[in-house]
Amino acid sequence: MWDSILSALPLLFSPAVLLAMAGGTTIGVLIGALPGLSATMGIAVLIPLTFTMDPLVALGMMAGIYNGAMYGGAIPAILLRIPGTPAGIATVFDGHPMAQKGQGLEAMKIALTSSAIGGSVSALALLFLSPPLAAVALKFGPVEIFWLAIFGLAAISVLLSDAPIKGLISACLGLVIGMVGIDSMTGNERFTFNVMDLMGGIDILVLLTGLYAIPPALTLAQEAMLLSKTSIGSGGKTRSGIGWRRLVPTWCRASVIGVIVGIIPGTGGNIAAMLSWNEARRVAKDKSRFGKGAPEGVAAAECANNADNAASLIPALTLGIPGSSVSAVILGGLLVHGMLPGPDLFTRSAPVTYGFILAMLVTSIMLFVIGRLGARLFINVMYMPPLLLAPIIIALTTIGVYAINNSLFDVWLMLAFGVMGWGMERLKIPLAPAVLAVILGPVAESSLRRAMLIGRHEVSYLFSSTIAIVMVTIIVLTILVPIIRRLLTHYRGRPSKLAMASDPERARQRFEP
């Protein structure tokens, strides 16, 4: 392996490859920052343009777009509460409240540093741990993926909302939306109402843009509040109350979660970010800070969704099994340049393969430099008056959504989801469980139905592996712990019988209607 790495280094640091990586990273940041665009779309558009390029030049540009777009999604998530990519959903939870409290630039720096760390750890995992991690990925069959999806739904629904019932209502709404389209198992139409545009289901980017971009734009237009610079904060230094050292444990946990989730086919950075954010909230001493501008929440989400990047390529490169939509597109890029994914990829095309893996590491470092140069430029968005910002948000989202499928139907659908999201916010129903349910619902459904077919419709087959039993135990604890905690709090708040006996007036007031 070391001989292959050494032979790849001269190719990697050639001027053409370095320029391609820097250009790809910059383009990726811009793609991620535009609502409606994604790394998958950017790489897919790039592939036809790389036919005449050297393979490593093309792959280096793809690596830059991949890493850049995953961080770029944090920019509108923090500044405008618009997740630029699906993986940016969890960044919204604490990133935008930090911007509202005058810590927008600080949130951007935390997101950038976390993205660079997560991407670097992911690239190192891809470089050194591909064979053993690929073996772990193979142990996740339909049963394990089903329980993993259920765990994600349970965790975000119960832990994110102050009222778990509202969280579950939001998740159920997302499950219904996720069922729209063609049944992947039977081919039957579900909830399409004979509308051709709904046959392929509801695009997740349309849903994300509608739920997260339109409601704040409507609120800005309605209230017409002018924001001053003092309410945003433009200081370049980290505030004294928050230190970088406090984020180190969060980065460690998030990197591990991102790598593990990344190697499991069918998951993605959005799931990694959600699980990491939940874990950061779970271990925190003061859980009430999360969702209100906790730096650890931003660090956990951004580090995990970038730690997923290269890790999702592990099953793709070693087994030919794409772990995400982006890795599937990158596999297409490899095939275009005559590189067949599989174990032989690391021997027959060793210099180019290891050069691509190292490009994932180098572009993570480039991302830190490019992001720091652009942070102050992006933060100026927050200085715009809401009366001007609201129509700009709606215009950008309309253009981005229309560009996905060149469909006006998607634009109207986005606006409908925007009105729905605005109503959910007024009723204090969290949006995140609905979005995650749209992502995880089809995964859980298809995995469950495959598992039941394999197990000949025996329910016991769902508990046939150690991983499944562990996952079920975690799910039960996730649901029961908040309920038990609330019951204990209620019980401790009740006056004792002795206190009531010594205070008849208090006892009388307690039982009076």
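Is isoleucine 483 buried, exposed or partly exposed? At 44% relative accessibility, isoleucine 483 counts as partly exposed, where buried means under 20% relative accessible area, exposed over 50%, and partly exposed in between (1.4 Å probe, protein chains only). This is a predicted model, in which local features need pLDDT of at least 70 and side-chain atom pairs count only at pLDDT 80 or more, while totals for chains, interfaces and linings use all residues. Residues are numbered from 1 along each chain as its sequence is written, and side-chain values use heavy atoms, with hydrogens and water left out.

**Nonpolar surface patch**

- Isoleucine 483 belongs to helix α23 (residues 466–493); helices (H or I, at least four residues) and strands (E, at least two) are DSSP runs numbered from the N terminus.
- A nonpolar patch on the surface is formed by Val476, Ile479, Leu480, Ile483, Ile484, Leu487 and Leu488, with about 580 Å² of accessible area together.
- Patches consist of residues with over 30% relative accessible area and no salt bridge, with like charges joined within 9 Å and nonpolar side chains (Val, Leu, Ile, Met, Phe, Trp, Tyr) within 5 Å.
- Accessible areas come from the Shrake-Rupley method with a 1.4 Å probe, and for residues only the protein chains shown count as cover.

**Helix packing**

- Helix α3 (residues 39–46) and helix α4 (residues 55–72) have axes that come within 9 Å and cross at roughly 160 degrees; axes are lines fitted to C-alpha atoms, for helices over the stretch in contact, and angles run from 0 to 180 degrees between N-to-C directions.
- α3 and α4 are therefore roughly antiparallel to each other, given that angles over 145 degrees count as roughly antiparallel, under 35 as roughly parallel, 65 to 115 as roughly perpendicular and the rest as oblique.
- Helix α2 (residues 15–33) packs with α4 at an angle of about 30 degrees, their axes being 6 Å apart.
- That angle makes α2 roughly parallel to α4.
- The crossing of α3 and α4 is right-handed, and α2 also passes α4 in a right-handed crossing.
- A crossing is right-handed if the near helix is turned clockwise from the far one by less than a right angle, and left-handed if anticlockwise.

**Salt bridges**

- The whole structure contains eight salt bridges, each being a side-chain nitrogen of Lys or Arg within 4 Å of a carboxyl oxygen of Asp or Glu.
- Arginine 81 pairs with glutamate 425, the closest N and O atoms being 2.4 Å apart.
- Because arginine 81 lies in the loop between α5 (74–79) and α6 (89–100) and glutamate 425 in helix α21 (residues 408–426), this pair ties together parts that are 344 residues apart in sequence.
- Arginine 81 is buried at 17% relative accessible area, whereas glutamate 425 is partly exposed at 22%.
- Glutamate 296 and arginine 246 meet through their side chains in a salt bridge (3.2 Å, N to O).
- Glutamate 296 lies in helix α15 (residues 295–311) and arginine 246 in the loop between α12 (229–232) and α13 (248–262), so the pair ties together parts 50 residues apart in sequence.
- Glutamate 296 is buried, with a relative accessible area of 8%, whereas arginine 246 is partly exposed, at 44%.
- Arginine 190 forms a salt bridge with aspartate 183, with 4.0 Å between the closest N and O atoms.
- Arginine 190 is buried at 17% relative accessible area, and aspartate 183 is buried at 7%.
- A network of salt bridges links Asp183, Arg190, Glu445 and Arg449.

**Aspartate 197**

- Aspartate 197 is found in the loop between β2 (189–190) and α11 (204–223) and is partly exposed, with a relative accessible area of 44%.
- Aspartate 197 and aspartate 410 are 213 residues apart in sequence and 8.3 Å apart in space, C-alpha to C-alpha.
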